[in-house]
Amino acid sequence: MRGRLDTQHRDFPDFFPAADRRQRERSLRAASRHARFLVCLSEFVREKLERSAPAGSVVKIPFGVRDLHPVPAARTAEILRGHRLTPGGYLYYPANFWP
């Protein structure tokens, strides 16, 4: 899917040209319609996404580095199952860092 799957264009519209805002909104709406879950990193974004996404489809998974060592395959499988994900069946898109 073309575009960026975040909500910055809604909160900071002055950062984006009109065409970019429209494309971002189209991408976000398409993801909301077609994805089983939308994953976000903060309560702020979760609350905003829940206003326009299907009920129960927004999941907050806070970002944080806990372990810099490789995770054993069995643990990885356990983590994915815990979030109802399958290997290769999800997209993680952390967006961009702004200067």
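**View 1. Thr 7 and its contacts.** Leaving aside neighbours within four places in sequence, Thr 7 is in contact with Leu 28, Val 45 and Leu 49. Thr 7 sits in the segment before helix 1 (8–11). With a relative accessible area of 5%, Thr 7 is buried. Please keep in mind, here and in the views below, that this is a predicted model. The protein averages a pLDDT of 81, and 82% of the residues score at least 70.

**View 2. Helix 2 and what covers it.** Helix 2 covers residues 18–34, and its end C-alpha atoms are 24 Å apart, which agrees with the 24 Å that its 17 residues should span at 1.5 Å a residue. Several residues of this helix are buried, among them Leu 28, Ala 30 and Ala 31. The cover over the buried residues of helix 2 includes helix 1, strand 1 and helix 3 (43–50).

View 3. Asp 20 and Arg 24 meet through their side chains in a salt bridge, at 3.5 Å from N to O. Both lie in helix 2, four residues apart, about one turn of the helix. An α-helix has 3.6 residues a turn, so residues three or four places apart point the same way. Asp 20 is partly exposed at 23% relative accessibility, whereas Arg 24 is buried at 3%. In the other pair, Arg 29 forms a salt bridge with Glu 25, with the closest N and O atoms 3.0 Å apart. Arg 29 and Glu 25 are also both in helix 2, four residues apart. Glu 25 counts as buried, at 15% relative accessibility.

**View 4. Arg 46 in helix 3.** Here you can find Arg 46, which lies in helix 3 and is buried, with a relative accessible area of 18%. Beyond its neighbours within four places in sequence, Arg 46 is in contact with Cys 40, Val 58 and Lys 60. Arg 46 and Val 59 are 13 residues apart in sequence, and their C-alpha atoms are 7.1 Å apart in space.

View 5. Glu 78 and Arg 75 form a salt bridge whose closest N and O atoms are 3.0 Å apart. These two residues are separated by about one helical turn, because they are three residues apart in helix 4. Glu 78 is partly exposed at 43%, and Arg 75 is partly exposed at 40% relative accessibility. Elsewhere, salt bridges that share partners join Glu 43, Arg 46, Glu 50 and Lys 60 into one network.

**View 6. A nonpolar surface patch.** Leu 41, Tyr 90 and Tyr 92 make a nonpolar surface patch of about 320 Å². Tyr 92 is found in the segment after helix 4, and Tyr 92 counts as partly exposed, at 46% relative accessibility.

Technical notes
Residues numbered from 1 in each chain as written. Predicted model: local features only at pLDDT ≥ 70, side-chain atom pairs only at ≥ 80, totals over all residues. Heavy atoms only, no water. pLDDT = per-residue confidence, 0-100. Buried < 20%, exposed > 50% of the residue type's maximum accessible area, 1.4 Å probe, protein only. Contact = heavy atoms within 4.5 Å. Patch = residues over 30% accessible without salt bridge, like charges linked within 9 Å, V, L, I, M, F, W, Y side chains within 5 Å. Areas by Shrake-Rupley, 256 points an atom, 1.4 Å probe, with all protein chains shown as cover. Salt bridge = Lys/Arg side-chain N within 4 Å of Asp/Glu carboxyl O. Expected span 1.5 Å × (residues − 1).
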